[in-house]
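Thanks, everyone; I would like to take a few minutes over one model and one contact inside it. Please look at the sequence and the structure as I put them up.

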Amino acid sequence: MEDRLGALLHVLRANGVRITVPRRAIVESLVANGPHVTAEELAALVRARHPEVHESTVYRTLDRLSTLGVVDHVHLGHGRAVYHVPGDAHQHLHCDACGAVVEAPDELFAGLVAAVDERYGFELDLDHFALGGRCRTCREAGVPAGTGHRRRSGRRSAHQPSEPGAPLNGPTTSGVTQPP
Ligand SMILES: [Zn+2]
Ligand SMILES: [Zn+2]
Ligand SMILES: [Zn+2]
């Protein structure tokens, strides 16, 4: 683990990036707590050890580290983005029922990527979004297939369906959603 951390910090220095407390803490947290934590979880982890680091600094730092390619994010299900260190090439299988993430090696998808390229000239980017489905545990437990509207966190997603009580034919707003 120290090696991994050292290698990442080396990349930063090689890019002329100063190793500040928040930068180091973010990289440390990602390496130590395993991949796939949300920005909010990461901010909490960093602030548990460095209360002086402001949340907004964590988010800004995440952006900077993303630009440098030291960390990366992937969207799970309905827009929930998690951060990871993209060292070992892997794709993400996300269970829409329980939220589990299964890492699958890149080469498993090589045939699909090649076939899509050959037939459509389309370069598939599988890194940015997880592939959705049902994990083994949920299948064995008989959890029905679906698109995972059961969310693990209480946060609203961009794909939130309209409220049950909301008028379907309310005042005509031509489909424009008013900001809250
Ligand atoms: Zn990952
Ligand atoms: Zn599951
Ligand atoms: Zn994204």
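If we set aside its neighbours within four places in sequence, T61 is in contact with P22, R23 and I26, where contact means that the C-beta atoms of two residues, placed from the backbone, lie within 7 Å. This is a predicted model, in which local features need pLDDT of at least 70 and side-chain atom pairs count only at pLDDT 80 or more, while totals for chains, interfaces and linings use all residues. Residues are numbered from 1 along each chain as its sequence is written, and chains are lettered from A and ligands numbered from 1 in the order in which they are written.

T61 and P22 are 39 residues apart along the chain, yet their C-alpha atoms are separated by 7.1 Å. T61 counts as buried because it has 23 C-beta neighbours inside 10 Å, the cut-offs being 20 or more other C-beta atoms within 10 Å for buried, 12 or fewer for exposed, and partly exposed in between.

T61 lies in helix α4, helices being DSSP runs of H or I with at least four residues, and strands runs of E with at least two, numbered from the N terminus. On the α2 side P22, R23 and I26 meet T57, V58, T61, L62 and L65 of α4, and the residues of this contact divide into five nonpolar, two polar and one charged; here Ala, Val, Leu, Ile, Met, Phe, Trp, Tyr, Cys and Pro count as nonpolar, Asp, Glu, Lys and Arg as charged, and the others, Gly among them, as polar.

Finally, the protein chain as a whole comes to six helices and five strands.
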